[in-house]
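I wanted to go through the charge pairs first, then a helix and a surface patch.

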Amino acid sequence: MSDTILVQPHENWVEITLNRPDRLNSFNDEMHRALFAAIETARDTGARAILLTGAGRGFCAGQDLGDRDPSKMTEKPDLSRTVREFYGPLVKLIRSLNFPVICAVNGVAAGAGANVALACDMVLAAEGAKFIQSFAKVGLIPDTGGSWHLPLLLGEARAKGLALTAQPLPAKQAEDWGLIWKAIPDEQLMDEARALTEKLANGPTLGLGLTKQCIQGAATAGFDEHLETEADAMKICGESDDYAEGVSSFLEKRAPQFKGH
């Protein structure tokens, strides 16, 4: 396995760490492929949650621009290839997983790094962290789902302000604006993120996964269509062992033992 990421399996969840700290964990092709493979492996081997974070002082600075130096290229780059081959499939994979993906932003999250974080289901950030839509600094648009997530989460005015100015957004302000779930003192970030991931992994992950898919689908569905989606999801949940266990444990006044099915 590539050393550009680190994978730490736990009983029923996996911690994945971006591991190019000397480059602020910026993406090159090797790290793209390694991260995608690690997430697929976690899914295929029965993980019930994933925690994604970064090594060193930053979460992810986006694309490694050393690989995009115009002075070293003989022709214009086709950046659509990078989006279609790497960033698009990555964020679609994260959103397609039928279990929670938690992101612990331990430092700067810039460009595609910020938008990979926003594709996750819950984002916890160190209070010292910042989110930067840095694309405007190099004449690009917010990719990796950024131009979709930003207006959805923040509204058009704030989305345009962040995208057009590339102004850093401190973690606490990101929390106040509703861009992320929570800003946490730096020294407490990983303990809280791991505790949250473990808690979710031990929860009724069939229902949690369907909750995730319902909420994600709300942005593009009509109300009547969405009510039908809810009904379909409730049928699946109601027939699950987790629902039976949840009701039984409630009535018996004991802690539930969910299995994710």
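I searched the whole structure, a predicted model, for salt bridges and got 15. I picked out a few of them.

I looked at lysine 212 and aspartate 121 first: their side chains meet at 3.0 Å, N to O. This pair ties together distant parts of the chain, with lysine 212 in helix H8 and aspartate 121 in the loop between helix H3 (112-119) and E7, 91 residues apart. Aspartate 121 is partly exposed at 28%.

Next I went for pairs inside a helix. Glutamate 156 bridges to lysine 160, with the closest N and O atoms 2.6 Å apart. They sit four residues apart in helix H5 (residues 156-165), so about one helical turn separates them. Glutamate 156 is exposed at 52%, and lysine 160 is partly exposed at 45%.

In helix H6 (residues 171-177) I found lysine 172 and glutamate 175, three residues apart, bridged at 3.0 Å between the closest N and O atoms. I also noted a salt-bridge network linking Arg20, Arg23 and Asp64.

Then I turned to H7. Which residues of H7 are buried? I listed Leu189, Met190, Ala193, Leu196, Thr197, Leu200 and Ala201. They span an arc of only 130° around the axis, so they fall on the same side of H7. Asp191 and Lys199 are exposed on the face turned away from that side. Among the cover over the buried residues I noted strand E2 (14-18) and helix H8 (205-217).

Last, I logged a nonpolar surface patch of about 330 Å², made by Leu65, Leu79, Val138 and Leu140.

Methods: Residues are numbered from 1 along each chain as its sequence is written. This is a predicted model: local features need pLDDT of at least 70, side-chain atom pairs count only at pLDDT 80 or more; totals for chains, interfaces and linings use all residues. Side-chain values use heavy atoms; hydrogens and water are left out. Patches are made of residues with over 30% relative accessible area and no salt bridge: like charges are joined within 9 Å, nonpolar side chains (Val, Leu, Ile, Met, Phe, Trp, Tyr) within 5 Å. Accessible areas come from the Shrake-Rupley method with a 1.4 Å probe; for residues, only the protein chains shown count as cover. A salt bridge is a side-chain nitrogen of Lys or Arg within 4 Å of a carboxyl oxygen of Asp or Glu. Buried means under 20% relative accessible area, exposed over 50%, partly exposed in between (1.4 Å probe, protein chains only). Helices (H or I, at least four residues) and strands (E, at least two) are DSSP runs, numbered from the N terminus. The arc is that of the directions from the helix axis to the C-beta atoms. Contact means heavy atoms within 4.5 Å.
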